[in-house]
Structure formats: C-alpha cells, structure tokens
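Thanks for coming. I have one structure to go through today, so let me put it on the screen.

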Amino acid sequence: VTIPESGGQGPRAAPPGAWAPRCCRFRGGARATGVAVSTHPSPSPRLRLSDGHRIGRDDACKALGQRKPSIKAGSFIHSSDSLVVCEVDPELKEKLRKFRFRKETDNAAIIMKVDKDRQMVVLEEEFQNISPEELKMELPERQPRFVVYSYKYVHEDGRVSYPLCFIFSSPVGCKPEQQMMYAGSKNRLVQTAELTKVFEIRTTDDLTEAWLQEKLSFFR
C-alpha cells in the first residue's frame with residue numbers, strides 16, 4: 001500500500017501493519033500520527049491520534065471518505081479534510097457517571113449530540129421508561145447521535161440484568177462533515193462513559209427490541 005508522506009516528499013511504500021504518516025492535520029486537540037494499513041485479504045485501516053486514541057476500521061473509512069471498509073493494495077490515501085475529535089462536556093461526564101450507578105430498573109436513555117460551534121459532545125435529551133421502539137422515534141433520521149441506553153434484559157434462562165449499551169446512530173445520508181465529527185469523537189465518549197457494549201445502526205429503523213436482544217445475546 002502506498003501512502004503519501006506528510007513532508008511533501010512524494011509517496012512511499014508502507015510495510016504491512018506499519019504506521020505511515022498522513023498528509024492531513026486534525027482539529028479539535030489532536031493530530032493524526034499515522035494510518036495503519038494491512039495488505040491482508042481483509043484490510044483494516046486504522047487511524048491513530050496524537051492524544052493516544054485510535055478509531056477503528058469503519059470509523060477510519062468514514063474519516064477517509066471511503067464508502068466501503070477496505071483499502072486496496074497499491075491505492076493512494078489522499079485526504080485534506082479534518083477529523084474533529086470533540087471533548088465531552090463536563091456536565092455530561094457527571095451525568096454519565098450518575099447514570100452508570102442508577103438504581104431504577106426501568107429502561108432509560110441519554111441522547112447526546114455534537115455541538116459544532118463548541119466542538120463538544122453535549123446532552124440533548126434524557127428519557128425514563130422508554131422502549132427501544134420509542135427510543136428510535138426520538139432519533140433524527142438524517143443526523144448522527146450518540147445514545148447510552150440502560151436496558152432491562154431478560155436472559156433465556158430467566159436471569160435479569162441491566163446492561164448499559166452505547167449506540168452510535170449514523171444514518172446513511174448524513175453530511176460528511178457531521179459523520180467525521182461523530183466518528184472521530186465516538187471512542188473518546190465511549191471511554192469517558194466506561195462502556196463495553198458498543199453498537200452502531202445505519203438507519204433508525206434498525207433500533208428494535210429484537211435487534212438489541214440479538215446484540216446482547218453475544219454477551220454472557
């Protein structure tokens with residue numbers, strides 16, 4: 001895979017799995033230090049930011065403006081666009097901390113959005129006693145959103161648990177600038193919320209109780 005060097009010295013070959021300099025600078029407190037490009041049959045590009053965060057295959061592809069999650073061997077990566085990594089609003093951090101330790105047993109959700117002017121992830125709305133089907137009605141169909149959802153999950157053996165789920169709603173048809181801001185900020189928000197059950201939907205219609213239970217069935 002050939003990667004353009006950031007110093008204007010022309011392209012150079014990058015070994016499989018190596019970090020190669022990118023030619024674009026990141027806004028919002030982080031810069032790209034490289035793109036890890038694999039030449040295996042299923043290449044998985046990664047972006048690593050200077051603040052230590054990394055974004056995965058799908059988010060990397062969105063940031064690079066690719067429609068499919070792959071980079072073909074011998075291709076050039078050219079991107080002058082900026083990937084914004086937004087901070088998390090301190091008030092939202094406190095809200096998420098309290099939400100993690102809530103004692104209520106009903107379903108509840110926190111919907112978050114990116115404040116473009118402040119370049120910050122902020123609280124949009126909070127809901128109590130809301131089903132997945134009701135929750136999807138609260139999500140815009142053409143704009144991304146982050147959701148933390150506390151769900152009462154009844155296992156097949158009758159056990160009841162209350163998993164906290166992070167849902168990234170990234171509908172097809174969003175503006176590229178919005179996609180980049182949300183994709184670049186997702187990992188930082190997930191780490192701030194200290195969540196491990198992370199899911200993504202590409203249309204709000206995907207958010208159903210059956211879909212969520214299927215996702216949760218992979219966790220024991």
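Val160 sits in strand β12, which runs over residues 160–161. Keep in mind that this is a predicted model. Is Val160 buried, exposed or partly exposed? Its relative accessibility is 41%. Buried would need under 20% and exposed over 50%, so Val160 counts as partly exposed. Together with Val154 and Tyr162, Val160 makes a nonpolar surface patch of about 260 Å².

Next, the sheet. Six strands form an open sheet in the order β7-β9-β8-β10-β13-β14, and the pairing is mixed. Which strands are at the edges? They are β7 and β14, the latter being residues 197–201, and each of them pairs on one side only. Within the sheet, β8 and β9 are antiparallel to each other, with eight bridges between them. In that region, Val114 is opposite Val121 of β9.

Now helix α2, residues 90–100. Three of its buried residues are Leu92, Leu96 and Phe99. These residues lie on the same side of α2, because the arc they cover around the axis is only 60 degrees. Which residues are exposed on the other side of α2? Those are Pro90, Glu91 and Lys98.

What do the buried residues of α2 pack against? On the strand side, the partners are β7 at 87–88, β8 at 108–115, β9 at 120–128, β10 at 145–150 and β13 at 164–169. Helix α4, residues 176–193, is also among the partners.

That is what I have for today.

Terms used
Residues are numbered from 1 along each chain as its sequence is written. This is a predicted model: local features need pLDDT of at least 70, side-chain atom pairs count only at pLDDT 80 or more; totals for chains, interfaces and linings use all residues. Side-chain values use heavy atoms; hydrogens and water are left out. Patches are made of residues with over 30% relative accessible area and no salt bridge: like charges are joined within 9 Å, nonpolar side chains (Val, Leu, Ile, Met, Phe, Trp, Tyr) within 5 Å. Accessible areas come from the Shrake-Rupley method with a 1.4 Å probe; for residues, only the protein chains shown count as cover. A salt bridge is a side-chain nitrogen of Lys or Arg within 4 Å of a carboxyl oxygen of Asp or Glu. Helices (H or I, at least four residues) and strands (E, at least two) are DSSP runs, numbered from the N terminus. Buried means under 20% relative accessible area, exposed over 50%, partly exposed in between (1.4 Å probe, protein chains only). The arc is that of the directions from the helix axis to the C-beta atoms. Contact means heavy atoms within 4.5 Å. Two strands pair if DSSP finds at least two bridges between them.
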